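Student: I would like to go through a model feature by feature and learn how to read each one. Can we start with the ligand and its contacts?

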Amino acid sequence: MAVSAFFALNGGAQDKGKGELDQWIRGMIGKMTLEEKIAMLHAKGQFTSAGVPRLGIPELQSDDGPLGVREEVNLDWSPKGLSTDSATFFPNGAALAATWNPSLAFRYGSALGEESCARGKAVILAPAFNIARTPLNGRTYEYFSEDPFLNAELAVQSVRGIQQWHVAACIKHYALNNQETQRKFVNVTASERALREIYLPAFRAAVVRGGAWTVMTAYNKFRGTYCAENAYLLNTILKKEWGFKGAVISDWGGTHSTVASALNGLDIEMGTGKPYNQYYFADSLLAAVKNGQVSSAAIDDKIYRILWVMRKTVLAKDSTRAALNTASHIRTSYDIASEAIVLLKNDAGLLPLKLSKVKSIAVIGENAVRTFQKGGVGAGVKAKHEITILQGLKEALGKNVSIRYAAGYKGYYRKDDPVDKKIAGHRPLPELIAEAVKLAKEADLVVLCIGGNRDYETEGEDRANLDLPFGEQQLADAVTGVNRNTIVVFTGGAPYNLNKLHAESPAIVWNWYNGSEGGHAVADILTGKVNPSGKLPFSFPVALEHSPAHALHSFPGDSLEAPYKEDILVGYRWYDTKGIASLYPFGYGLSYTRFAFEGLKLSGKDFRPGDTVTVTFRLKNKGSLKGKEVVQLYVSKENSAVSRPLKELKGFGKPELAAGDARTIRMSLPVASLAFFNEKTMQWEVEEGRYTVRVGSSSAELPLEGSFFVHNRK
Ligand code: BGC
């Protein structure tokens, strides 16, 4: 074996020839035939690639994430129907982001990692955290947020949590996978600044700080080249700049070439649906090595990476005892769910429920009885249990309150039916509405459970618009028309058009595809057992046309080209900079208590690039209930030499304060985090000059302000 050439190809990202691990890997590679190596580089089952049994190297087994460990499937993706593969259903990615709580992200990762380990997986295909560039993206629910800083903090903790169980996180989808329309062909172009400042930071953090062991490439092209054969993304940035030591895995069916993919950074080709020897990384890769198009050193580099991942995971030296569906995992799922729910509106003090006054509740809307563990295309979970909203409410209130249910609408949606696809958003069912109205009239209070579902928001297609589906708007109009005491519980994973609901309903609770314990979490928020503390991870625009990609007509792109014309102005960066009000801004969410922010102090007036600014202020809970507040810190640069968003999130925290309590909150702001990416020098640079810090409870509610000066010269 040509050991000398070993590290040359991918920029020397490996452990440099030292230690037992390195010796073991090299030894193993030395014993393998070329055919055995090639077999390890492509799928041999839905979620497996080959091992080398004679050398004790097992298959590499993976599974989806991110909602929990997916059940075992047959080659046609149908469930195997085992009795051993049920798992905990965790709230969707945007729900996790709505907690703004990195310690919950760690617990999520840890629980998911333990369940993956218990199911014998070396790799879990999670977390997924592409930026929410457009509200219509079918996978918005699966991803985290519209902000790179928030994404990064959550990604790092999720990865660390997963990997402590000797399971590799597979962070996805690298990179710029921000729409499902033509996802397998679309060519994304974005400036270097947008790439570095918006789309890559969370991936970088997950690799550099989180230490992710595997990465999944995205389906789309970036600057004309598929992500699975994109030398710039894979070799230059991921492996060389970030020093990524693990394996790059293609998305399923996302490989398009043999030689280019092999040379440009892909390590394993995964997919489905054709004989495995016909994969690009099967017979044709063997031929390419034999005819000298791909060097054996390049193959060895891939095997090195895979064996390295195996030694961290299935071949780790210490044994791990892991279990599925434990009480602690269910608790984690509940804690995320209850911290993720966002109180959007609470006029007239309807919430928390005043149980002395409420004797009868009409629970209306199919989402009250629907489960969200599965649906649509892509990863779901066979949850051991999932509490529906109706169940949760009955358990919490059923003894003292009469609860009656009416469906009100039918969340029926067949995406393969062209007629249904067109009318799905506009089909009120009059008889169901009439039944719901009757119940609403007779009840003291209505809990209206509407929203999307996992068939409607799905991988593989983007939504057509922000309208409420299934005639829900007509249902809401009719119900609120006969009973003003209507609390809307909207279950969804992405922004919808809530303008009319906002105008006509006194209380709106934003719920997610909220995991095994979702119904308990909703009930506990409504009764006040839990004080809402979730904050929106993305802006809700007043109108779709206001949102950047749509305002600039660069979604879904034209002729398979998607130029990201909004550049760095994604999400609130765009709305703020352009002075466009959103219906609910990024970071927004109400509480049953009132928090006051006072007395901002900075640790100095003048700083240099290596310094850290300490920001302190007083947070007071002025209400009568204990509560958590997401304190948010944004920074603006005045008179910048480059275009800048009006402000950017640079810090957050989530303290809990008892009623009447006050606390001094301290936040660290490294001056280095103020850098912009200079496209001319291809470096991060901290610009000299004055910066303004703003602190508050949402991107639009920032009562505290202070400023400091950064000096660049020594
Ligand atoms: C998705 C991935 C997923 C893979 C395997 C693809 O369609 O994009 O996120 O991990 O399928 O199920």
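Tutor: This is a predicted model. A polar side-chain atom of aspartate 64 lies 2.5 Å from an oxygen atom of the ligand.

Student: How many residues are around the ligand, and which come nearest?

Tutor: There are 14, with Asp64, Arg139, His173, Asp251 and Glu459 coming nearest. By class, the shell around the ligand holds seven charged residues, six nonpolar and one polar.

Student: Next, the backbone. What should I look for in omega and phi?

Tutor: Look for exceptions, since most peptide bonds are trans and most residues other than glycine have a negative phi. One exception here is the peptide bond from lysine 172 to histidine 173, which is cis, with omega near -5 degrees. Histidine 173 belongs to strand β5, residues 168-174, and is among the residues that come nearest to the ligand.

Student: Where does the cis bond that involves a proline lie?

Tutor: That bond joins phenylalanine 555 and proline 556, with omega about -5 degrees. Proline 556 sits in the loop between α19 (548-551) and β18 (561-563).

Student: What is the phi of histidine 166, and where is that residue found?

Tutor: Its phi is near 60 degrees, a positive value in a residue other than glycine. Histidine 166 is found in the loop between α5 and β5.

Student: How are empty spaces located in a model?

Tutor: Rolling a probe the size of a water molecule over the atoms shows where empty space is left. In this structure the largest pocket has a volume of about 890 Å³. Its lining consists of 33 residues, and Phe149, Pro201, Arg204, Ser673 and Trp684 lie nearest the centre.

Student: Which element supplies the largest share of that lining in the largest pocket?

Tutor: β25 does, with five residues. Elements that each supply at least two residues include the helices α5 (148-163), α6 (192-199) and α7 (201-208), along with the strands β25 (648-653) and β27 (662-670). The lining of the largest pocket divides into 18 nonpolar, eleven charged and four polar residues.

Student: What does the second largest pocket look like in those terms?

Tutor: The second largest pocket holds about 460 Å³ of space. It is lined by 21 residues, and those nearest its centre are Gly589, Leu590, Ser591, Thr593 and Ser697. Strands β11 (342-346) and β20 (595-602) each supply at least two of the lining residues. By class, this lining has eleven nonpolar, six polar and four charged residues.

Student: Last, how do I describe aromatic rings that pair?

Tutor: A pair of aromatic rings is described by the distance of the centres and the angle of the planes. The count in this model comes to 31 aromatic pairs. In one of them, phenylalanine 90 and tyrosine 108 have ring centres 5.6 Å apart and planes at 85 degrees, so the pair is edge-to-face. The two residues are 18 apart and link distant parts of the chain: phenylalanine 90 is in the loop between β3 (60-64) and α3 (93-99), and tyrosine 108 is in helix α4, residues 102-118.

Notes. Residues are numbered from 1 along each chain as its sequence is written. This is a predicted model: local features need pLDDT of at least 70, side-chain atom pairs count only at pLDDT 80 or more; totals for chains, interfaces and linings use all residues. Side-chain values use heavy atoms; hydrogens and water are left out. On a 1 Å grid over the protein atoms alone, a cavity is a set of points where a 1.4 Å probe fits but cannot get out, and a pocket is an open set with protein on both sides within 12 Å along at least five of seven lines; lining residues have an atom within 4 Å of a point. Grid points are joined across faces, edges and corners, and a volume is the space filled by probe spheres set on the points. Helices (H or I, at least four residues) and strands (E, at least two) are DSSP runs, numbered from the N terminus. Ala, Val, Leu, Ile, Met, Phe, Trp, Tyr, Cys and Pro count as nonpolar, Asp, Glu, Lys and Arg as charged, and the others, Gly among them, as polar. A residue is near a molecule or strand if one of its heavy atoms lies within 4 Å of it. A polar contact is a pair of N or O atoms within 3.5 Å; within protein, one must be able to donate a hydrogen and the other to accept it, and residues adjacent in sequence count only if both atoms are side-chain atoms. Rings of Phe, Tyr and Trp (its six-membered ring) pair if their centres lie within 6.5 Å; planes under 30 degrees apart count as stacked, over 60 as edge-to-face and the rest as tilted.
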